[in-house]
Structures are given as C-alpha cells and as structure tokens.
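Okay, thanks everyone, let's get going.

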Amino acid sequence: MSNPLELWLRAGSDGERLGGDPLAHQLFMMLLLKSQPEDSALRFTVLTVNEAKPPPKFREAGFRRSPALQHGEDVALSYEDEIVEYVENTFPYPSLKHVSGEADNVTADLFRVFCFFIKEVSNDPKALTNELIRIDRYLGENETDYLTANEMKLIDCTVLSRLHSIRITCKALKEFEIPVDLHNLWNYMENGYNNSVFAKSCPSDQEIILYWAERPDTPNLLSSQKRSQLCRQRPLYTLVVPKDGRKSQE
C-alpha cells in the first residue's frame with residue numbers, strides 16, 4: 001500500500017495537542033522508530049481526535065475510540081495488539097521485537113501496580129516502589145542502553161511511556177516521586193529522554209496529569225481551579241532526570 005498510515009490519538013485539553021495517554025505515546029514512538037531509516041517504506045500522519053465530537057472521517061472508519069490506525073480504505077484497527085501486529089507484519093524493517101523473557105517478566109506488573117496506586121485501590125506506594133526497584137536491579141545487571149539492546153525496541157516504547165506517566169502523575173496527584181537512588185532506572189529514563197523519538201512523541205506534563213485525573217475510575221484528586229490552571233498553562237515537558245538520580249561516572 002502506498003498510502004501513509006493514519007494514527008488517530010486522543011486530543012488534549014485544547015482539542016488539538018496530544019493527550020496524555022501512555023498507549024498513544026507508545027504507538028507514536030513505534031511508528032517513529034519504524035519510519036526512521038532512509039529506506040523505510042513506512043510513512044504516517046498523526047491526527048488528534050476529540051472522542052466526544054469526532055470528525056466524520058473518524059466515524060466513517062467505524063472508530064469509536066482512540067488510539068486507532070487507518071491504512072487506505074481496507075485497514076481500520078483500534079486495538080493495541082492488532083495495531084502492533086499489523087505494523088510489524090506490514091513493515092518488518094527495522095524489527096522492534098525482542099527475545100528477552102526476563103525483561104518481559106520484570107516489567108509485567110509495573111503498570112497494574114501503578115494503576116492500583118493512582119486509583120487508590122491501594123494508598124501505600126510500597127508495591128509501586130518495589131516494582132521500580134525490580135526494574136532498577138535488572139537494568140543494573142544489563143550492559144545495554146535499553147531493556148534488551150542498545151537501541152530502542154517495542155518493549156521500551158511501552159515501559160518508557162509508562163515510567164514517564166508514573167513520574168509525572170504520581171508527583172502531581174499523589175506526592176510520590178521515583179526514588180533518586182534508583183540510578184539504573186534513572187539512567188534508562190535519561191536514555192529515553194535523550195532519544196528524539198521519545199521527545200517528539202511525548203505529551204506535555206499537564207496533559208499527562210489531566211489524562212489520569214479525569215479518568216472515571218480515578219478519585220477526584222484535582223480541584224476545578226487546578227484543572228483550569230493546567231489547561232491554561234504553557235505546555236511543560238519534564239525530560240531531564242534529577243541530578244541525584246544520575247549514576248556516578250566514577
């Protein structure tokens with residue numbers, strides 16, 4: 001197919017900017033990585049959508065929610081696994097697959113535990129801290145820049161977008177911060193922040209906070225005044241790690 005892919009992502013508070021969904025961030029990164037090589041056949045555009053008032057093109061494709069992927073007249077997908085599988089099969093180079101079951105295992109529970117914490121199923125950050133420690137220890141035993149290689153793979157698109165959401169959301173809504181002594185974890189996040197693929201696809205801090213604060217299953221953690229302030233502020237992107245979080249070079 002010669003048509004570019006069209007990736008529909010949830011719009012932010014202004015109806016145009018990227019919203020704060022980590023899944024949207026993950027899929028955007030995946031397409032950027034696939035399209036990086038000069039000889040890549042993958043071309044794509046990103047379209048933001050207000051799901052409450054979607055444009056006719058979105059509705060005509062049969063979509064009811066985002067993220068969603070459209071390719072020509074025949075392909076319309078709105079489930080993460082289907083989107084990833086289609087992109088990998090249609091554009092196999094460069095491959096973003098990995099072969100480390102250990103990396104899968106050590107990151108498997110991170111997002112679930114974070115969701116329990118932010119939704120106040122559990123108010124104790126201990127479980128989340130333990131998951132972060134597990135990843136930190138795994139990274140400390142690795143000699144690669146990312147989880148399984150020196151280049152970003154799909155698993156990194158997933159984990160880095162989630163770690164960034166955790167960092168921004170937990171500080172704003174739960175007064176919890178990733179411990180600075182998890183140097184391997186912070187080094188990994190810094191590698192992500194320094195990658196143009198991450199930065200180009202990253203939503204603003206405000207949109208990440210609003211995304212989680214406005215979910216129907218999240219307790220009311222933001223006042224209406226604070227919501228209004230976040231919507232009016234100039235977009236902020238926290239893409240640097242704490243000084244104390246950096247691993248010593250000595």
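Some housekeeping. This is a predicted model, so local features need pLDDT of at least 70 and side-chain atom pairs count only at pLDDT 80 or more, while totals for chains, interfaces and linings use all residues. Residues are numbered from 1 along each chain as its sequence is written, and side-chain values use heavy atoms, with hydrogens and water left out.

Now the overall picture. The protein chain has 11 helices and four strands; those are DSSP runs numbered from the N terminus, with helices being H or I of at least four residues and strands E of at least two. The radius of gyration is 18 Å, which agrees with the value near 18 Å for a compact globule of 250 residues. That radius is taken over C-alpha atoms, and the globule rule is 2.2 Å times the number of residues to the power 0.38. Along the principal axes, the C-alpha trace spans about 55 × 45 × 30 Å.

Buried residues make up 50% of the 250. Buried here means under 20% relative accessible area, exposed means over 50%, and partly exposed is in between, using a 1.4 Å probe and protein chains only. Of the contacts between residues at least 6 apart in sequence, 72% join residues at least 24 apart, where contact means heavy atoms within 4.5 Å.

On annotation, UniProt lists residues 4-90 as "domain: CLIC N-terminal", in an unreviewed entry. UniProt positions are given in the numbering used here, feature names are shortened, and annotations may be inferred rather than shown by experiment. Over residues 4-90 the chain is 34% helix and 22% strand, with the end C-alpha atoms 12 Å apart.

Back to H5, residues 110-118. Seven of its nine residues are buried, so H5 is largely enclosed by the rest of the structure. Among those buried are Phe111, Phe114, Cys115 and Phe117. The cover includes helices H1 (22-35), H4 (101-107), H6 (126-141), H7 (154-174) and H10 (205-213).

And what about H10? Nine of the nine residues of H10 are buried, so H10 too is largely enclosed by the rest of the structure. The buried set includes Asp205, Glu207 and Trp212. They pack against strand E1 (5-10), H1, H5, H7 and helix H11 (224-232).

In the loop between helix H9 (196-201) and H10 you'll find Pro203. Is Pro203 buried or exposed? It counts as buried, at 4% relative accessibility. The C-alpha atoms of Pro203 and His25 are 7.3 Å apart, although 178 residues separate them along the chain. Leaving aside neighbours within four places in sequence, Pro203 has contacts that include Leu18, His25 and Tyr237.

Most residues other than glycine have a negative phi, and most peptide bonds are trans. Ser66 and Pro67 are joined by a cis peptide bond, omega about 5 degrees, and Pro67 sits in the loop between helix H2 (56-60) and strand E3 (68-71). Tyr93 to Pro94 is cis as well, with omega near -10 degrees; Pro94 is in the loop between helix H3 (80-90) and H4. Then there's Glu175, not a glycine, yet with a positive phi of about 55 degrees. Glu175 lies in the loop between H7 and helix H8 (183-193), and at 75% relative accessibility Glu175 counts as exposed.

That's my tour, thanks.
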